[in-house]
Amino acid sequence: MEYKFAQDLEIVLELTGLSTEAFAEELGVSRMTVNNWLSGKKEVSEKNIASFYEYTFRKGIRLNLIKEQLYREELISPSEVLLFHGAKSKIEGTLRTDCSKRRNDFGPGFYCGESLEQSAMFVATYPSSSLYMLRFQRSGLLGKEFSVSRDWMLLIAYFRERLGEYADSAVMRELVKQVEGVDYIVAPIADNRMFEIIDQFIDGEITDEQCRHCLSATNLGKQYVFVTEKALGQVRLLERCFLTREEKEFYLFSRQASYEMNRDKIKVARRQYRDVGKYIEEMM
(Lines give C-alpha, C1' and ligand atoms only; values in the text may rest on other atoms or scores of the structure.)
Protein backbone atom coordinates (compact mmCIF):
# COMPACT_ATOMS: atom_id res chain seq x y z
CA MET A 1 0.00 0.00 0.00
CA GLU A 2 1.37 3.39 -1.04
CA TYR A 3 0.38 6.89 0.09
CA LYS A 4 -2.97 8.31 -1.05
CA PHE A 5 -1.05 11.17 -2.62
CA ALA A 6 -3.63 12.42 -5.16
CA GLN A 7 -6.36 12.45 -2.52
CA ASP A 8 -4.10 14.30 -0.07
CA LEU A 9 -3.19 16.81 -2.77
CA GLU A 10 -6.89 17.53 -3.41
CA ILE A 11 -7.43 18.09 0.33
CA VAL A 12 -4.50 20.51 0.57
CA LEU A 13 -5.62 22.48 -2.50
CA GLU A 14 -9.06 22.84 -0.96
CA LEU A 15 -7.79 23.83 2.48
CA THR A 16 -5.27 26.37 1.15
CA GLY A 17 -7.58 27.73 -1.54
CA LEU A 18 -4.67 27.71 -4.00
CA SER A 19 -5.05 27.06 -7.70
CA THR A 20 -2.97 24.28 -9.22
CA GLU A 21 -0.80 26.95 -10.82
CA ALA A 22 -0.19 28.82 -7.56
CA PHE A 23 0.44 25.59 -5.68
CA ALA A 24 2.88 24.37 -8.35
CA GLU A 25 4.81 27.62 -8.00
CA GLU A 26 5.05 27.24 -4.23
CA LEU A 27 6.26 23.64 -4.54
CA GLY A 28 8.68 24.46 -7.37
CA VAL A 29 7.15 22.25 -10.05
CA SER A 30 5.11 22.89 -13.19
CA ARG A 31 1.31 23.19 -13.31
CA MET A 32 1.29 20.25 -15.73
CA THR A 33 3.11 18.12 -13.14
CA VAL A 34 0.51 18.94 -10.45
CA ASN A 35 -2.33 18.13 -12.87
CA ASN A 36 -0.66 14.80 -13.72
CA TRP A 37 -0.36 14.01 -10.01
CA LEU A 38 -4.04 14.73 -9.48
CA SER A 39 -5.06 12.48 -12.38
CA GLY A 40 -2.59 9.75 -11.44
CA LYS A 41 -0.96 9.93 -14.89
CA LYS A 42 2.51 10.58 -13.51
CA GLU A 43 4.35 8.74 -10.75
CA VAL A 44 5.49 11.01 -7.95
CA SER A 45 9.16 10.87 -6.98
CA GLU A 46 10.16 10.28 -3.36
CA LYS A 47 11.67 13.77 -3.31
CA ASN A 48 8.42 15.39 -4.41
CA ILE A 49 6.39 13.26 -1.98
CA ALA A 50 8.58 14.49 0.88
CA SER A 51 8.42 18.10 -0.36
CA PHE A 52 4.62 18.00 -0.56
CA TYR A 53 4.05 16.61 2.93
CA GLU A 54 6.70 18.88 4.47
CA TYR A 55 5.05 21.88 2.82
CA THR A 56 1.67 20.74 4.16
CA PHE A 57 2.96 20.35 7.72
CA ARG A 58 4.67 23.76 7.64
CA LYS A 59 1.36 25.29 6.55
CA GLY A 60 -0.17 23.96 9.75
CA ILE A 61 -2.29 21.32 8.00
CA ARG A 62 -2.18 18.17 10.14
CA LEU A 63 -3.28 15.65 7.53
CA ASN A 64 -2.70 12.59 9.66
CA LEU A 65 -4.76 13.94 12.56
CA ILE A 66 -7.55 14.97 10.17
CA LYS A 67 -7.64 11.48 8.68
CA GLU A 68 -7.66 9.93 12.14
CA GLN A 69 -10.81 11.85 13.05
CA LEU A 70 -12.52 10.97 9.76
CA TYR A 71 -11.75 7.27 10.14
CA ARG A 72 -13.02 7.30 13.73
CA GLU A 73 -16.30 8.75 12.52
CA GLU A 74 -16.63 5.84 10.08
CA LEU A 75 -16.58 3.21 12.82
CA ILE A 76 -20.07 1.76 12.79
CA SER A 77 -20.14 -0.61 15.78
CA PRO A 78 -18.61 -0.91 19.27
CA SER A 79 -16.70 -3.98 18.09
CA GLU A 80 -14.68 -1.91 15.59
CA VAL A 81 -11.43 -0.22 16.63
CA LEU A 82 -9.18 2.24 14.82
CA LEU A 83 -5.53 1.30 15.31
CA PHE A 84 -2.10 2.53 14.23
CA HIS A 85 1.13 0.78 13.33
CA GLY A 86 4.50 2.51 13.04
CA ALA A 87 6.82 0.92 10.47
CA LYS A 88 10.55 1.56 10.10
CA SER A 89 9.97 1.78 6.35
CA LYS A 90 6.79 0.15 5.00
CA ILE A 91 4.78 -3.04 5.24
CA GLU A 92 5.75 -5.49 2.52
CA GLY A 93 3.09 -7.97 1.41
CA THR A 94 0.32 -9.14 3.71
CA LEU A 95 0.14 -8.69 7.48
CA ARG A 96 1.87 -11.50 9.37
CA THR A 97 2.18 -12.62 12.98
CA ASP A 98 5.80 -13.78 12.57
CA CYS A 99 7.40 -10.52 11.44
CA SER A 100 8.16 -9.15 14.94
CA LYS A 101 10.95 -10.03 17.33
CA ARG A 102 10.49 -13.09 19.54
CA ARG A 103 11.23 -11.15 22.73
CA ASN A 104 8.41 -8.65 22.44
CA ASP A 105 5.90 -7.79 25.19
CA PHE A 106 3.77 -10.86 24.38
CA GLY A 107 6.09 -12.73 22.05
CA PRO A 108 5.73 -12.85 18.24
CA GLY A 109 2.72 -11.08 16.74
CA PHE A 110 1.59 -8.05 14.80
CA TYR A 111 1.59 -5.05 17.15
CA CYS A 112 -0.60 -1.94 16.88
CA GLY A 113 -1.44 0.97 19.16
CA GLU A 114 -4.61 2.91 19.94
CA SER A 115 -2.77 6.24 19.70
CA LEU A 116 -1.54 7.82 16.47
CA GLU A 117 1.03 9.93 18.29
CA GLN A 118 2.37 7.00 20.30
CA SER A 119 2.72 4.73 17.26
CA ALA A 120 4.45 7.48 15.26
CA MET A 121 6.77 8.28 18.16
CA PHE A 122 8.13 4.74 18.33
CA VAL A 123 9.48 4.98 14.75
CA ALA A 124 10.30 8.71 14.72
CA THR A 125 14.07 8.13 14.78
CA TYR A 126 14.05 6.09 11.53
CA PRO A 127 14.58 8.19 8.37
CA SER A 128 12.16 6.25 6.14
CA SER A 129 9.50 5.40 8.72
CA SER A 130 5.79 5.68 8.02
CA LEU A 131 2.51 5.25 9.85
CA TYR A 132 -0.37 2.93 9.01
CA MET A 133 -4.01 3.33 9.98
CA LEU A 134 -6.01 0.12 10.37
CA ARG A 135 -9.52 -0.97 11.28
CA PHE A 136 -10.00 -4.02 13.49
CA GLN A 137 -13.27 -5.91 13.84
CA ARG A 138 -13.24 -7.82 17.15
CA SER A 139 -16.44 -9.85 16.79
CA GLY A 140 -16.09 -13.64 16.74
CA LEU A 141 -12.57 -13.62 18.19
CA LEU A 142 -11.16 -14.63 21.57
CA GLY A 143 -9.27 -11.79 23.20
CA LYS A 144 -7.59 -11.14 26.54
CA GLU A 145 -7.26 -7.65 28.02
CA PHE A 146 -4.86 -6.51 30.74
CA SER A 147 -4.62 -3.33 32.79
CA VAL A 148 -1.49 -2.14 34.62
CA SER A 149 -1.41 -4.99 37.12
CA ARG A 150 0.89 -7.56 38.68
CA ASP A 151 -0.20 -10.18 36.12
CA TRP A 152 0.60 -7.84 33.23
CA MET A 153 4.05 -6.88 34.46
CA LEU A 154 4.97 -10.51 35.19
CA LEU A 155 3.87 -11.60 31.72
CA ILE A 156 5.86 -8.76 30.13
CA ALA A 157 8.93 -9.89 32.08
CA TYR A 158 8.27 -13.52 31.07
CA PHE A 159 7.96 -12.87 27.33
CA ARG A 160 10.91 -10.47 27.43
CA GLU A 161 12.90 -13.29 29.06
CA ARG A 162 13.76 -11.23 32.12
CA LEU A 163 12.34 -13.55 34.80
CA GLY A 164 15.36 -15.82 35.10
CA GLU A 165 14.84 -18.51 37.75
CA TYR A 166 11.15 -17.59 38.17
CA ALA A 167 10.17 -18.25 34.54
CA ASP A 168 9.19 -21.88 35.21
CA SER A 169 7.46 -21.30 38.55
CA ALA A 170 3.91 -22.52 39.22
CA VAL A 171 2.75 -18.90 39.39
CA MET A 172 4.06 -18.17 35.90
CA ARG A 173 2.72 -21.40 34.41
CA GLU A 174 -0.77 -20.36 35.53
CA LEU A 175 -0.34 -16.83 34.20
CA VAL A 176 0.85 -17.99 30.78
CA LYS A 177 -2.30 -20.09 30.47
CA GLN A 178 -4.28 -16.83 30.40
CA VAL A 179 -2.95 -15.98 26.94
CA GLU A 180 -2.78 -19.47 25.46
CA GLY A 181 -5.28 -19.98 22.63
CA VAL A 182 -6.34 -16.32 22.34
CA ASP A 183 -6.51 -14.54 19.00
CA TYR A 184 -5.41 -11.12 20.24
CA ILE A 185 -4.24 -9.37 23.40
CA VAL A 186 -4.99 -5.83 24.57
CA ALA A 187 -2.55 -4.47 27.12
CA PRO A 188 -0.69 -1.33 28.22
CA ILE A 189 2.33 -0.46 26.09
CA ALA A 190 5.71 -1.01 27.71
CA ASP A 191 8.84 0.94 26.75
CA ASN A 192 12.47 0.96 27.91
CA ARG A 193 11.69 3.06 30.99
CA MET A 194 9.05 0.51 32.02
CA PHE A 195 11.52 -2.34 31.53
CA GLU A 196 13.90 -0.63 33.95
CA ILE A 197 11.16 -0.51 36.59
CA ILE A 198 10.12 -4.13 35.97
CA ASP A 199 13.78 -5.18 36.25
CA GLN A 200 13.96 -3.51 39.66
CA PHE A 201 10.99 -5.62 40.75
CA ILE A 202 12.51 -8.82 39.33
CA ASP A 203 15.81 -8.03 41.08
CA GLY A 204 13.98 -7.69 44.41
CA GLU A 205 14.59 -3.94 44.79
CA ILE A 206 10.92 -2.90 44.92
CA THR A 207 7.59 -4.57 45.76
CA ASP A 208 4.85 -5.47 43.30
CA GLU A 209 2.77 -2.50 44.52
CA GLN A 210 5.67 -0.08 44.10
CA CYS A 211 6.25 -1.48 40.62
CA ARG A 212 2.58 -1.25 39.64
CA HIS A 213 2.20 2.37 40.74
CA CYS A 214 5.47 3.37 39.09
CA LEU A 215 4.33 1.75 35.84
CA SER A 216 0.96 3.51 36.07
CA ALA A 217 2.85 6.80 36.15
CA THR A 218 4.44 6.04 32.78
CA ASN A 219 1.16 5.35 30.98
CA LEU A 220 1.73 5.12 27.20
CA GLY A 221 -1.70 3.90 26.17
CA LYS A 222 -2.82 0.46 25.00
CA GLN A 223 -1.55 -1.87 22.33
CA TYR A 224 -3.26 -4.63 20.38
CA VAL A 225 -1.20 -7.75 19.75
CA PHE A 226 -2.53 -10.03 17.02
CA VAL A 227 -1.22 -13.55 17.58
CA THR A 228 -3.31 -15.63 15.15
CA GLU A 229 -3.96 -15.45 11.41
CA LYS A 230 -7.68 -15.50 12.22
CA ALA A 231 -7.33 -12.21 14.08
CA LEU A 232 -5.26 -10.63 11.32
CA GLY A 233 -7.96 -11.66 8.87
CA GLN A 234 -10.20 -9.12 10.61
CA VAL A 235 -7.65 -6.29 10.38
CA ARG A 236 -8.02 -4.01 7.38
CA LEU A 237 -5.25 -1.68 6.22
CA LEU A 238 -6.82 1.72 5.60
CA GLU A 239 -3.93 3.94 4.69
CA ARG A 240 -0.21 4.48 4.75
CA CYS A 241 0.61 7.95 6.08
CA PHE A 242 3.76 9.98 5.48
CA LEU A 243 5.69 11.23 8.51
CA THR A 244 7.63 14.42 7.85
CA ARG A 245 10.88 15.27 9.62
CA GLU A 246 9.22 18.13 11.54
CA GLU A 247 6.31 15.91 12.54
CA LYS A 248 8.71 13.28 13.89
CA GLU A 249 10.60 15.93 15.83
CA PHE A 250 7.30 17.11 17.32
CA TYR A 251 6.47 13.59 18.56
CA LEU A 252 9.97 13.11 19.97
CA PHE A 253 9.77 16.44 21.81
CA SER A 254 6.41 15.44 23.28
CA ARG A 255 7.89 12.12 24.38
CA GLN A 256 10.79 13.83 26.16
CA ALA A 257 8.47 16.28 27.93
CA SER A 258 6.23 13.41 29.04
CA TYR A 259 9.25 11.40 30.19
CA GLU A 260 10.49 14.23 32.42
CA MET A 261 7.07 14.63 34.06
CA ASN A 262 6.66 10.87 34.54
CA ARG A 263 10.12 10.61 36.09
CA ASP A 264 8.96 12.72 39.04
CA LYS A 265 5.74 10.69 39.35
CA ILE A 266 7.80 7.50 39.54
CA LYS A 267 9.96 8.89 42.35
CA VAL A 268 6.88 9.86 44.36
CA ALA A 269 5.18 6.48 43.75
CA ARG A 270 8.28 4.56 44.75
CA ARG A 271 8.52 6.50 48.02
CA GLN A 272 4.78 6.46 48.82
CA TYR A 273 4.40 2.68 48.36
CA ARG A 274 7.68 1.66 49.98
CA ASP A 275 7.28 -1.74 51.72
CA VAL A 276 3.65 -2.00 50.53
CA GLY A 277 2.89 -5.25 48.73
CA LYS A 278 5.15 -8.24 48.18
CA TYR A 279 8.66 -8.75 46.88
CA ILE A 280 9.08 -11.24 44.06
CA GLU A 281 10.63 -13.91 46.31
CA GLU A 282 7.53 -13.87 48.52
CA MET A 283 5.25 -14.26 45.50
CA MET A 284 7.13 -17.02 43.75
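## D8 and its partners

In this predicted model, the side chain of D8 makes a polar contact with the side chain of K67, at 2.7 Å. D8 is part of helix 1. Its relative accessible area is 1%, so D8 is buried; the cut-off for that class is under 20%.

K67 is one of several residues that D8 touches.

## Helix 1 against helix 4

Two packed helices are described by the angle between their axes and the distance between the axes. For helix 1 (residues 5–16) and helix 4 (residues 46–58), the axes come within 11 Å and cross at roughly 35°. The crossing of helix 1 past helix 4 is left-handed.

Which residues in helix 1 and helix 4 meet? Helix 1 supplies F5, D8, L9 and V12. Helix 4 supplies I49, F52, Y53, Y55 and T56. By class, this contact has seven nonpolar residues, one polar and one charged.

## Aromatic residues

One aromatic cluster is formed by Y3, F5, F23, W37, F52, Y53, Y55 and F242.

Across the whole structure, a search finds 18 aromatic pairs. One involves Y158 and F159: the ring centres are 5.2 Å apart and the planes stand at 85°, so the pair is edge-to-face. The angle cut-off for that class is over 60 degrees.

Are Y158 and F159 buried or partly exposed? Y158 has a relative accessible area of 28%, so Y158 is partly exposed. F159 has 19% relative accessibility and therefore counts as buried. The limit for buried is under 20%.

## S77 in its loop

S77 sits in the loop between helix 5 (63–73) and strand 1 (80–87). Its relative accessible area is 25%, so S77 is partly exposed.

The side chain of S77 makes a polar contact with the side chain of S79, at 2.9 Å. A further reference point is A231, 154 residues apart from S77 along the chain. The C-alpha atoms of S77 and A231 are separated by 17 Å.

Technical notes. Residues are numbered from 1 along each chain as its sequence is written. This is a predicted model: local features need pLDDT of at least 70, side-chain atom pairs count only at pLDDT 80 or more; totals for chains, interfaces and linings use all residues. Side-chain values use heavy atoms; hydrogens and water are left out. Helices (H or I, at least four residues) and strands (E, at least two) are DSSP runs, numbered from the N terminus. Buried means under 20% relative accessible area, exposed over 50%, partly exposed in between (1.4 Å probe, protein chains only). A polar contact is a pair of N or O atoms within 3.5 Å; within protein, one must be able to donate a hydrogen and the other to accept it, and residues adjacent in sequence count only if both atoms are side-chain atoms. Axes are lines fitted to C-alpha atoms, for helices over the stretch in contact, and angles run from 0 to 180 degrees between N-to-C directions. A crossing is left-handed if the near helix is turned anticlockwise from the far one by less than a right angle, and right-handed if clockwise. Contact means heavy atoms within 4.5 Å. Ala, Val, Leu, Ile, Met, Phe, Trp, Tyr, Cys and Pro count as nonpolar, Asp, Glu, Lys and Arg as charged, and the others, Gly among them, as polar. Rings of Phe, Tyr and Trp (its six-membered ring) pair if their centres lie within 6.5 Å; planes under 30 degrees apart count as stacked, over 60 as edge-to-face and the rest as tilted. Lists of a residue's contacts leave out its neighbours within four places in sequence.
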